[in-house]
Amino acid sequence: MAEVDRAVPKAGNDAEGIKDYVSFLLAQEEPRPPITWSNWWSEIYWGQGVALMIIMPLCTFVAAYYTPLRTQTAIWMVVYYFMSAMGVTAGYHRLWAHRSYNATKSLEYVLALLAAAAVQGPIVWWVRGHRAHHRYTDTDLDPYNARRGFIWPHIGWLIVKPRRPHGKVDVNDLKKNTVVMWQLRHYPWLVLVMAVAFPTLVAGAGWGDWKGGCVYAGFLKIVILHHTTSCVNSLAHWLGESPFDDKHSPRDHLFTALLTVGEGYHNFHHQFPMDYRNAIKWYQYDPTKWLIWLCSKVGLASHLKMFPENEIQKGMLSMELKRLHKKQAGIVWPQSDLPVVKWGTYQSLSQIRPLLYIAGFIHDLEGFMDEHPGGERLLRKYIGKDATAAFFGGTYDHSNSAHNLLAMKRVGILHGGMPHATEEKYIPPGQILRVVHTKELSNQLH
Ligand SMILES: [Zn+2]
Ligand SMILES: [Zn+2]
């Protein structure tokens, strides 16, 4: 039976009634028992976790301390680091996990070999976790759930067995891929050769630095790659901006992009995961995108997927409007719940208070008469009368801020006065482009 079939619980016709699918899935399975002093040793991944993520780095640092770093080896380490990193980013991530482009078989083999040098598990294992990360982002079904702090998505999930298995996803496409299956069959050997033997051989045969090649271009490169790749799961869900959507934790930041050969524009990536780009602006650092584009120019890659620009812009605009809406909420606006007053009442009340009618509204100018830049006399002339024409150019064409301030002095609506908000000229300029939430609109309708 296909993996995805097993993944879907027997919800039957009830599926339509499920409001929160993740909670529904979590309820199907009991979590593993809590970690205690008596069971902790069985809750640890001793191989992939302790040996690979703790003991191997410690041994590497000790070996590096006793091994002089030669210039050629340093350059080779950096070059090979970028090559293996690209195997993960252009291969594991953008090609196999997200199918964001098509690659020729020769390119697939090269990427599968280079990625083996990064020692991050076989393609199919890596992709299964990553697809679950996208499918169930920030939940307990996400294997590197960023809501569990910084350490868990960075390294914790590789060392401690999770209390719940990650959400199931469909990886059947990979099971039909000959390169993926070839890499899976030969994975241990490929790791030995590509991660350690090959970089050692290049440095040894090239400039006689066998030990340096093994320590630096072999092991130290693996250690650094483990942590820079993990930064996509930890740092990229923690540091930076959310220019496309803020529903989940992914963020965009140049620093993370620099660490991860361009995978740091993670907010964009989670919104548009099948786009072959992570950075959409030409000046943003995304060498993985540049490599895929170059491969397409020489016939090694094709069908590079890009989300419609219109939808990308829509996402960005939504976030900008959200920010503006929040800013708008922090500003005091004219009162909207005002009493309706008849012309006669307005006139008689004007004998007691300095009331002024302009464009449908009655304004109380108490305390402002002295402050009117055009002088009190001019203003007093219109108390109890219609000053609409005078305000809008008849006597003086008032500034936008004067109009905004006037609106703050509203105390009533004139019965039978002008219909509001029909002519733009009469709307306070600060409110013309007001951001209105759909909820507010539907509240007005009810
Ligand atoms: Zn992510
Ligand atoms: Zn992804």
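Modeller: One term first: helices (H or I, at least four residues) and strands (E, at least two) are DSSP runs, numbered from the N terminus. This is a predicted model, in which local features need pLDDT of at least 70, side-chain atom pairs count only at pLDDT 80 or more, and totals for chains, interfaces and linings use all residues. Residues are numbered from 1 along each chain as its sequence is written, while chains are lettered from A and ligands numbered from 1 in the order in which they are written.

Colleague: Understood. How much of residues 187-207 is helix, and how much is strand?

Modeller: That span is 100% helix and 0% strand, with its end C-alpha atoms 29 Å apart.

Colleague: Which residues does UniProt annotate as "transmembrane region"?

Modeller: The unreviewed UniProt entry gives residues 44-66, 78-97, 109-127 and 187-207. UniProt positions are in the numbering used here, feature names are shortened, and annotations may be inferred rather than shown by experiment. In the model, residues 109-127 are 68% helix and 0% strand, and the end C-alpha atoms of that span lie 16 Å apart.

Colleague: Which domains does the assignment give for the protein chain?

Modeller: Domain 1 is 21-33 + 42-317 and domain 2 is 340-443; such bounds come from an automatic or database domain assignment. Taken over C-alpha atoms, the centres of the two domains are separated by 62 Å.

Colleague: And where does UniProt place the "Cytochrome b5 heme-binding" domain?

Modeller: The unreviewed entry places that feature at residues 356-415. In the model this stretch is 28% helix and 20% strand, with 14 Å between its end C-alpha atoms.

Colleague: What is Tyr92 in contact with, beyond its neighbours within four places in sequence?

Modeller: Tyr92 is in contact with Ala97, Ala115, Ile123, Trp126 and Val127; contact requires C-beta atoms, placed from the backbone, within 7 Å.

Colleague: At roughly what angle do the axes of H4 and H6 cross?

Modeller: They cross at roughly 65° and come within 10 Å. Axes are lines fitted to C-alpha atoms, for helices over the stretch in contact, and angles run from 0 to 180 degrees between N-to-C directions. At this meeting, Tyr92, His93, Trp96 and Ala97 of H4 face Ile123, Trp126, Val127, His130 and Arg131 of H6.

Colleague: A change of topic: is Asn145 buried or exposed?

Modeller: Asn145 is buried, because 23 other C-beta atoms lie within 10 Å. Asn145 sits in the loop between H6 and H7. Beyond its neighbours within four places in sequence, Asn145 is in contact with Asp138, Thr139, Asp140, Trp152 and Pro153.

Colleague: What about the backbone of Arg99?

Modeller: Arg99 has a positive phi of about 50° although it is not a glycine. Arg99 lies in the loop between H4 and strand S1 (102-103) and counts as partly exposed, because it has 16 C-beta neighbours inside 10 Å.

Colleague: And what is the phi of Ala359?

Modeller: Ala359 has a positive phi of about 50°, and it is not a glycine. The residue is in the loop between strand S4 (355-358) and strand S5 (361-364). Ala359 counts as buried, because it has 23 C-beta neighbours inside 10 Å.

Terms used: Contact = placed C-beta atoms within 7 Å. Buried ≥ 20, exposed ≤ 12 C-beta atoms within 10 Å, placed from the backbone.
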